[in-house]
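Reader: Hi! I have a chain open on my screen and would like to talk it through with you. Could you walk me around it?

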Amino acid sequence: MADVSSAVRINPSILAADFVNMQAELARIATADFVHVDVMDNHFVPNLTFGPQMVERIQATSPVPLDVHLMITDADRNAPGYAELGAASVTFHLEAATDPVALARRLRDIGARAGVAVKPGTAVEGLFDVLDEFDQILVMTVEPGFGGQSFMADQMPKLRRLADEARRRGSQVWLQVDGGISESTIAQAAEAGADTFVAGSAVFGAGDPGAAIAALRARAGAHHH
């Protein structure tokens, strides 16, 4: 299981994996903290990945817990089902929920960690008063919907404001970044306050994913405050 007390977490994204050989791909990232599973509905984002059946199979096969990221509309209705499948963490988009706090409480009641994600254009200040309702806040460092995009450094001030506020309030919320994370960008995100990092091609595109995970973890750890 993931070390919840660890300062830095690396969550490889299976968007960059070989879907046909998913079991073997999951085995290659056994040293990761979580596996990041992007569920896209071709509505909230202009892409389609997979739904509950695939997530259930990944859950049954994965050597590490699931960090499910729902890029879907009507999160209030659809997100709890992913927690019921046994996912360790379920993140929905702030833009897709009518009552984010109620939904987060429902996810926690089922037994999952509750996460909320914000797109690059979405402000985080509205989350300040409810930080402790969430176990994880995901600051997207690309526009959600596609893998392999370039890291948006202009999201770092937003991440830093969130990290400063979390620290000020004594919150234990995890701060996650997703999009364009590699050895060259992870230090920026760690310095800005992120402690949980989604990496796709930087891990699955490496000859030795275990070594890539270790390198990312070491680089983030050296810059994380």
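**Around the chain**

Author: Happy to! Let's begin with a helix: the buried residues of α4 pack against α3, β4 and β5 (113-118). Keep in mind that this is a predicted model.

Reader: Good to know. Which residues of α4 are buried?

Author: Pro-100, Val-101, Leu-103, Ala-104 and Leu-107. They sit on the same side of α4, because the arc they cover around the axis is only 165°.

Reader: And what follows α4?

Author: Gly-111 does, and its phi is positive, near 125°.

Reader: Which residues other than glycine have a positive phi, for example?

Author: Asn-42 is one of them, with a phi near 65°, and Asp-74 is another, at about 55°. Most residues other than glycine have a negative phi.

Reader: Where are those two?

Author: Asn-42 is in the loop between β2 and α2, while Asp-74 is in the loop between β3 and α3. Asn-42 has a relative accessibility of 49%, which means that it counts as partly exposed. Asp-74 is also partly exposed, with 33%.

Reader: Let's move to Met-40. Buried or exposed?

Author: Met-40 is buried, because its relative accessible area is 2%, and the cut-off for buried is under 20%. This residue lies in strand β2.

Reader: What does Met-40 touch?

Author: Leaving out neighbours within four places in sequence, Met-40 is in contact with Leu-15, Val-45, Asn-47, Leu-48, Thr-49, Phe-50, Met-71, Ile-72, Gly-145 and Phe-146.

Reader: How far is Met-40 from Ala-187?

Author: They are 28 Å apart in space, C-alpha to C-alpha, and 147 residues apart in sequence.

Reader: Which residues are in contact with Asp-135?

Author: Setting aside neighbours within four places in sequence, they are Arg-108, Ala-112, Arg-113, Ala-114, Val-173 and Trp-174. Trp-174 is 39 residues away from Asp-135 in sequence, yet the C-alpha atoms of the two are 6.1 Å apart.

Reader: What about His-224?

Author: His-224 lies in the segment after α8 (209-223). With 21% relative accessibility, His-224 counts as partly exposed, since buried requires under 20%.

Reader: What does His-224 touch?

Author: Not counting residues up to four places away in sequence, His-224 touches Ala-7, Val-8, Ala-190, Gly-193, Ala-194 and Asp-195. From His-224 to Gly-193 there are 31 residues in sequence and 6.6 Å in space, C-alpha to C-alpha.

Reader: Let's zoom out. How many helices and strands are there?

Author: Eight helices and eight strands. The C-alpha trace spans about 45 × 40 × 30 Å along its principal axes.

Reader: What is the radius of gyration?

Author: The chain has 16 Å, which agrees with a compact globule of 225 residues, because such a globule would have a value near 17 Å. Of those 225 residues, 54% count as buried.

Reader: How much of the contact total comes from residues 24 or more positions apart?

Author: They account for 64% of the contacts with a separation of 6 or more.

Reader: Last topic: surface and charge. What are the numbers?

Author: The chain exposes about 9,200 Å², with carbon and sulfur atoms supplying 49% of it. There are 17 positive and 28 negative side chains, and the centres of the two sets are 3 Å apart.

Definitions and conventions: Residues numbered from 1 in each chain as written. Predicted model: local features only at pLDDT ≥ 70, side-chain atom pairs only at ≥ 80, totals over all residues. Heavy atoms only, no water. Helix = DSSP H or I, 4+ residues; strand = E, 2+ residues; numbered from the N terminus. Rg over C-alpha atoms; globule rule 2.2 N^0.38 Å. Buried < 20%, exposed > 50% of the residue type's maximum accessible area, 1.4 Å probe, protein only. Contact = heavy atoms within 4.5 Å. Areas by Shrake-Rupley, 256 points an atom, 1.4 Å probe, with all protein chains shown as cover. Lys, Arg positive; Asp, Glu negative; His and termini not counted. Charge placed at Lys NZ, Arg CZ, Asp CG, Glu CD. Arc of directions from axis to C-beta.
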